[in-house]
Amino acid sequence: MSEISKKVCLIGDFGVGKTSLIRRFVDRQFSDHYLSTVGVKISRKVIEFKKQNQAEMLNLQLIIWDIEGSAKFKAIVPSYLKGAIGAIIVGDLTRQETINHLTDHIQLFLSINSKASIVVAFNKSDLIESEQSNLLFQLNFLTRHKQVSAAYLTSAKTGKNVDRIFHTLAHQIIKPE
Ligand code: GTP
Ligand code: MG
């Protein structure tokens, strides 16, 4: 069995749910309690793949960098992003300004890792009513951001699309050039 490790980052404004998405994915847990991340926290999770047309299994260890959303430390964020091969950019559907800032986060990430894969999480989807209009919005977002390979409505609270978004990113990462 072959094994590789790859660094991915979660980026977005403060309080959008970056830590909660990681906690749901890695520990299968959620808490309503808000404890803002200071600096960066690193988690690890192994995903098993069966390579296409090959019998061999591949273990991909995601090294997940949870980066604080606070603007106060913006100057040091670029150093946290270095060496990442993928990112989940997170916005909070209940706070429009966090959605408006997605483009800035995408650009900052790409300015450091120009070839990396990007997926977008529209998080806290359990708190919004109209899925339909948000799906349309999501589609519109994807057509305007060609560098983003997928976008999902997620909920760290219910678990909706959480595994899917991490697995989509993982597939992008191991995809042959
Ligand atoms: P910083 O570390 O400050 O940048 O914040 P963060 O992006 O890591 O956000 P965090 O995961 O700490 O979540 C902030 C708050 O939102 C917490 O109270 C969470 O419980 C809540 N939250 C996160 N995701 C969801 C979600 O999908 N649904 C709901 N209802 N609440 C959520
Ligand atoms: Mg956090």
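The model is predicted: local features need pLDDT of at least 70, side-chain atom pairs count only at pLDDT 80 or more, and totals for chains, interfaces and linings use all residues. Residues are numbered from 1 along each chain as its sequence is written, chains are lettered from A and ligands numbered from 1 in written order, and side-chain values use heavy atoms, without hydrogens and water.

The chain has 6 helices and 6 strands, assigned as DSSP runs (helices H or I, at least four residues; strands E, at least two). Their order from the N terminus is β-α-β-β-α-β-α-α-β-α-β-α. The radius of gyration, over C-alpha atoms, is 16 Å, which agrees with the value near 16 Å for a compact globule of 177 residues; the globule rule is 2.2 Å times the number of residues to the power 0.38. Along the principal axes, the C-alpha atoms fill a box of roughly 45 × 35 × 35 Å.

Around ligand 1 stand 24 residues, each with a heavy atom within 4 Å. Ser-20, Ser-31, Tyr-34, Ser-36 and Asp-126 come nearest. Helix α1 (residues 18–27) gives the largest share of this shell, 3 residues. The shell comprises 6 nonpolar, 11 polar and 7 charged residues, with Gly counted as polar.

Polar contacts (N or O pairs within 3.5 Å) include one between an oxygen atom of ligand 1 and a polar backbone atom of Asp-32, at 2.8 Å. A polar backbone atom of Ala-156 also lies 2.8 Å from a ligand 1 oxygen atom. A polar side-chain atom of Asn-123 is 3.2 Å from a nitrogen atom of ligand 1. The protein buries 94% of the 660 Å² that ligand 1 exposes alone (Shrake-Rupley method, 1.4 Å probe).

How values were computed:
Polar contact = N/O pair within 3.5 Å; in protein donor to acceptor, adjacent residues only side chain to side chain.
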